[in-house]
Amino acid sequence: MLRYSAQEGTPGRMVFAGRMDAYSVGPVWASVLEAAARVAGTGELVVDLSDVSYCDGAGAALLFSLEHSATQRGGAVRMHGVTKAIEGHLKPYREAEAVVSARPPQDIPWTQRLRQGVGSVGLEIFAQIAFIGEYGSALMLAIRYPRRVRWGDTLRVAEAAGFQALPIVSLIAFLLGVILAFQSAIAMRQFGAEIFVADLVAISLLRELGPLMMAILLAGRSGAAFAAEIGTMKVNEEVNALTTMGLDPVRFLVVPKILAGVFVAPLLTLYANLIGLLGAALVMRGFGIPMVAFFNQVSGAVDLTDLTSGLVKAAVFGLLVSSVGCLRGLQTGTGAAAVGRSTTSAVVSAIILIVIADGLFAVLFYHLGI
Amino acid sequence: MNVAATNRAGSDEVVIRVEGLTMGFGSMVIMENLDFTVRAGEIFVILGGSGSGKSTLLKHMIGLYSPVAGRILIGGADMARAEGAERENILRQVGVMYQMGALFGSMSLLENVRLPLEVHTDLPLEAMNRIARAKLQLVGLAEYCEFMPSEISGGMQKRAAIARAMALDPKVLFLDEPSAGLDPITSAELDQLIRRLASSLGMTLVVVTHELASIFAIADRVIMLDKETRSIIAEGDPRVLRDTNDHPWVRRFLRRSETEDLSA
């Protein structure tokens, strides 16, 4: 407990008793400073510390603040009963007051900030182009010399991004099929055309929704994981270690992930298509359409072109998701927060790229008549 | 002259008492039946070869790991069994500097040092800033208050981490390898700082290190852990141990020689 009393006069007098530590000075801080200003004003203040049993850095902070505010008022403080320990704690406060910050004041004119902003956007675009070139050449090398690709790593990534994603892909694709079929069946039934639900579900799943949902899942699961893994390696200087060992980080880290992404995306899409159709078939059974009739209708509605166009799209989405994940990972700055930022940015950029690519594919397929 | 011994606070008050401590993970036992005490105002150094469990012992002492058997009393209270307010009370008495500094990267140095004050006290902001600046001044970093941890060197980060550990003026300060990876001059400055903390502020320090120069510069008392026997093989003043201990390994460690013959 900290007790204090203040006496007016010339000089004004304050007496402290008890413990002056970080817990006891907090509650009385403001009132002590106020009392000091009241009893001493611009005159001298005598502070008696003879009955203080313990004083730590926080206690010294209070004493220093008394001294500091008295000086600012034009007064002065004289302390009695200052022990060696109190003196030791007071010293850094007096020294710190004289220290000037090493950081220059941050008063940058708006023109310079604008220039910096434009410059950083330019640098970002430059980095993307450089990365595309770097990894394009690494991919070419991988195709030309397939033995130099780290196939072990590629399989490990493919397992994590593909096989281990099966439960979530199953769940989403199944529910997607169920929802699509159910929603459209209600409307179709009014015209007695329930059987055409099969056409609707099959075309939309195979050509559009299968690859799209799979790509978004891949971005959330694996694109984020790539960015976080490479980002953490960057923060821990593992990427630098690779470079100084003469190993190209792009060949070592990026190529296996991109190959795995391109490889698993169509497989996952194929699987998602199948599960989605199964979900739709189950719903249609509830509407009185047997499974055989449903799948018969499906095979009449879609052909191999619909399936392969979806799978080609999926492969491109896989390429985009894994590339942007790796790029964001390699762009990671320093610190734990930087890894979080690059992970977020990997997912966001991947989804944007997927949607843009999907739009381009729609135009392309229209002109090709697919 | 033995500066360390003459500076010793000479107090017999026991701050930390370790009784029959056995530590391990799962079925692997690292150390068995350790007994030792740390007295108020001394600089107590934990020594041992790589992998002997020095940092693990430190983590047991600050309550991050629970002992397999035995107990650790800090100011008379059992760290592993304390909960709620009692645990918080013990934690207020200790400050820890981790091996890599462990400063929060998203906060400036001043904010890092201020954080424990914000959590544990109701001081006004102005007071907390003043205290944080003074702690940074104590480790010679007051001019870098506004800097982010990523903008300063490794040695400065370690010093800032010490400032943060001292924010609440704890009774005991635990330092995990304070001078590892620093140049000799910075590391000697850090040793001086550690001595100053013990002598002028009366803190008790528990230090894990294997920098020989640091050991002789700062330690009042050391214990040496041995991986083979899973026990403490030596305890006492490092200079005395170097010259008189019967254990060849202890002498070799403290003389930094590969074999006993080379050191002769």
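In this predicted model, B:Glu126 and B:Arg130 form a salt bridge, a side-chain nitrogen of Lys or Arg lying within 4 Å of a carboxyl oxygen of Asp or Glu, with the closest N and O atoms 3.6 Å apart. Both residues lie in helix H5 (residues 125-138) of chain B, four residues apart, which is about one turn of the helix. B:Arg130 is buried, with a relative accessible area of 16%, whereas B:Glu126 is partly exposed at 42%; buried means under 20% relative accessible area, exposed over 50% and partly exposed in between (1.4 Å probe, protein chains only). Helices are DSSP runs (H or I, at least four residues), numbered from the N terminus.

Local features need pLDDT of at least 70 and side-chain atom pairs count only at pLDDT 80 or more, while totals for chains, interfaces and linings use all residues. Side-chain values use heavy atoms, with hydrogens and water left out, residues are numbered from 1 along each chain as its sequence is written, and chains are lettered from A and ligands numbered from 1 in the order in which they are written.

Over all chains, the count comes to 21 salt bridges. A:Lys313 forms one with A:Glu208, the closest N and O atoms being 3.1 Å apart; A:Lys313 lies in helix H11 (residues 304-330) of chain A and A:Glu208 in helix H7 of chain A, so the pair ties together parts that are 105 residues apart in sequence. A:Lys313 also meets A:Asp358 in a salt bridge (2.9 Å, N to O), and A:Asp358 lies in helix H12 (residues 336-368) of chain A, 45 residues from A:Lys313. Both A:Asp358 and A:Lys313 are buried, whereas A:Glu208, at 29% relative accessibility, is partly exposed.

Between chain A and chain B, by contrast, the rule finds zero salt bridges. Helix H1 (25-40), helix H2 (57-73) and helix H3 (84-98) of chain A each supply at least two residues of the side of chain A that touches chain B, and the largest share, nine residues, comes from H3(A). The residues of this side divide into 16 nonpolar, eight polar and five charged, where Ala, Val, Leu, Ile, Met, Phe, Trp, Tyr, Cys and Pro count as nonpolar, Asp, Glu, Lys and Arg as charged, and the others, Gly among them, as polar.
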